[in-house]
Amino acid sequence: MTDGETSETTAEEAFALVGNELRAGILRVLGETPHEGVSFSELRERVDSDVDSGQFNYHLQKLVGPFVEKTDDGYVLRPPGLALYRAIKAGAFSRSLTVEGFDAEFDCYFCESPVEAAYDDGLFTMTCSGCGHLYARTTLPPSAVEGDRSELLTRVDQYNRHGMGLSADGVCPVCANPMALEFLDSDTVAWADGTERLDVFCHRSCDHCGREQYMTVGLALLHHPAVVSFFHDHAVDVTAIPHWELEFVMTDNYLTVRSRDPWEFELAVHCEGETLTLVVDDELNVIDEERS
């Protein structure tokens, strides 16, 4: 294939290719050593040595091209095959899990009741036990909450940060395509039950895969150099603080809407007795900043 050429397998064809126990076993074995070639004989031995050699080769060749590549060192997964293997390992397609509500380790900014985290069938949420305010709604694979949960909240924080950071910069965290930007009054967002105490949403959307991301203006600016350096100057690593522990990120209590046509905002960030004030335009650009 030369530069500029594309080859496409339909979704139906892709699912049909791996909708076979033997082919799924081939992907699993190759995924266990993704950077090492596996010979035909070793691959057959590790998948199912009882399968006839001709039958095994038939199924293997169905995968060669879309998901598997034959090299001088043996068979290896191509990038799409590796992505599929990792999605399967994460349990995104094959496992369902429910985790009852547990302490999210911070109190609601509106009523001071404990906030509870929960997980059900791929969806992680953080909700105030008192007023019902929704603090987080994140899609996570089951593998994220299986086993030891002692650092679950830390991992969810970092997972959210990086996904939302990409979205804030206009890059889709799913397909890496551009994301459009708009600002929406909270009362115009149909799904926003439980977030009525927010004034405005920063909304990013991807026309390619349909990914949507709603966030506060504070969250969209959390990784901005002015914010990071402001906290750093006070010996605070804001990248290590769970973002739900930052009030300017989780509420609009420190956000002023200066204009709606075009949109313009003023965000106040406080730390150690000093205030960083950012003026933000309708493209999420910081057009002015001041410390006081």
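L153 counts as buried, with a relative accessibility of 12%; buried means under 20% relative accessible area, exposed over 50% and partly exposed in between, using a 1.4 Å probe and protein chains only. The model is predicted, so local features need pLDDT of at least 70 and side-chain atom pairs count only at pLDDT 80 or more, while totals for chains, interfaces and linings use all residues. Residues are numbered from 1 along each chain as its sequence is written, and side-chain values use heavy atoms, with hydrogens and water left out.

L153 is found in helix α6 (residues 152-168). Helices (H or I, at least four residues) and strands (E, at least two) are DSSP runs, numbered from the N terminus. Leaving aside residues up to four places away in sequence, L153 touches F102, D103, A104, E105, A117, F124, M126 and W244, where contact means heavy atoms within 4.5 Å. Of these, E105 is 48 residues from L153 in sequence, and the C-alpha atoms of the two are 9.0 Å apart in space.

**Aromatic pairs**

Rings of Phe, Tyr and Trp (its six-membered ring) pair if their centres lie within 6.5 Å; planes under 30 degrees apart count as stacked, over 60 as edge-to-face and the rest as tilted. The count by this rule is 10 aromatic pairs. In one of them, the ring centres of F40 and F56 are 5.5 Å apart and the planes stand at 80°, so the pair is edge-to-face. Because F40 lies in helix α3 (residues 40-48) and F56 in helix α4 (residues 53-63), the pair ties together parts that are 16 residues apart in sequence. F40 is partly exposed, at 24% relative accessible area, whereas F56 is buried, at 0%.

The rings of F183 and W263 have centres 6.0 Å apart and planes at 45°, so this pair is tilted. It ties together parts 80 residues apart in sequence, because F183 lies in strand β7 (residues 180-185) and W263 in strand β11 (residues 263-271). Both F183 and W263 are buried. Elsewhere, F106, Y109 and Y135 form one aromatic cluster.

**Nonpolar cores**

A nonpolar core is a set of buried Ala, Val, Leu, Ile, Met, Phe, Trp, Tyr and Cys residues joined through side-chain atoms within 4.5 Å. The largest has 50 residues, and those with the most contacts inside it include F124, M126, Y135 and F183. Beyond four places in sequence, the residues that F183 touches include V200, F201, W263, F265 and L284. Another core, of 19 residues, lies apart from the largest one; L22, V47, Y75 and L82 are among its members.
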